[in-house]
Amino acid sequence: LPNLQHVSLMSEALKRSVNVRITAATLRSVDHNGGLDAFLLTATASKLTPFARKLRNDIKKAKQPAA
């Protein structure tokens, strides 16, 4: 079985922490990519869960400059 962990990761774009349940390998990937925001923006949507896709869209919206 995968090594699942309950962790709280900080999203700089959303300015809040997000509670997620991810594998230890994914946690290392998040750290390697420079944080949650960078990891989600570089990941392919087909490999993300529906929750992660929604979080990714929220981060994209938050990073867009105000019009």
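Modeller: Let us begin with strand pairing. Two strands pair if DSSP finds at least two bridges between them. Helices (H or I, at least four residues) and strands (E, at least two) are DSSP runs, numbered from the N terminus. Here strand S1 (residues 4–11) and strand S2 (residues 16–23) run antiparallel and are joined by 8 bridges. The model is a predicted one, in which local features need pLDDT of at least 70 and side-chain atom pairs count only at pLDDT 80 or more, while totals for chains, interfaces and linings use all residues. Residues are numbered from 1 along each chain as its sequence is written, and side-chain values use heavy atoms, with hydrogens and water left out.

Biologist: Which residues of S2 are the bridge partners of leucine 4 and serine 8?

Modeller: Leucine 4 has threonine 23 as its partner, and serine 8 has asparagine 19.

Biologist: What lies between S1 and S2 in the hairpin?

Modeller: The hairpin has 4 residues between its strands. In that loop sits lysine 15, whose phi is near 55°, a positive value in a residue other than glycine.

Biologist: Is lysine 15 buried or exposed?

Modeller: Buried means under 20% relative accessible area, exposed over 50%, and partly exposed in between (1.4 Å probe, protein chains only). Lysine 15 counts as exposed because its relative accessibility is 68%.

Biologist: How do leucine 4 and serine 11 compare with these cut-offs?

Modeller: In a regular strand the side chains alternate between the two faces of the sheet. Leucine 4 belongs to S1 and is partly exposed, because its relative accessible area is 35%. Serine 11 is also placed in strand S1, but it counts as buried because its relative accessibility is 0%.

Biologist: Which residues does serine 11 touch?

Modeller: Contact means heavy atoms within 4.5 Å. Not counting residues up to four places away in sequence, serine 11 touches Arg16, Val18, Leu36, Asp37 and Ile59. The C-alpha atoms of serine 11 and isoleucine 59 are separated by 8.1 Å, although the two are 48 residues apart along the chain. With the same exclusion, leucine 4 touches Arg21, Ile22 and Thr23.

Biologist: Which members of the largest nonpolar core touch the most other members?

Modeller: A nonpolar core is a set of buried Ala, Val, Leu, Ile, Met, Phe, Trp, Tyr and Cys residues joined through side-chain atoms within 4.5 Å. In the largest, which has 14 residues, they are Leu9, Leu36, Leu40 and Leu55. S2, H2 and H3 each supply at least two residues of this core. Beyond four places in sequence, the contacts of leucine 9 include Val20, Leu27, Val30 and Leu36.

Biologist: How is a pocket read?

Modeller: On a 1 Å grid over the protein atoms alone, a pocket is an open set of points where a 1.4 Å probe fits, with protein on both sides within 12 Å along at least five of seven lines; lining residues have an atom within 4 Å of a point. The largest pocket is lined by 17 residues, with Arg21, Ile22, Thr26, Thr49 and Ala52 nearest its centre. Elements giving two or more residues to this lining are S1, S2, helix H1 (24–33), helix H2 (36–42) and helix H3 (50–63). The largest share, 4 residues, comes from S2.
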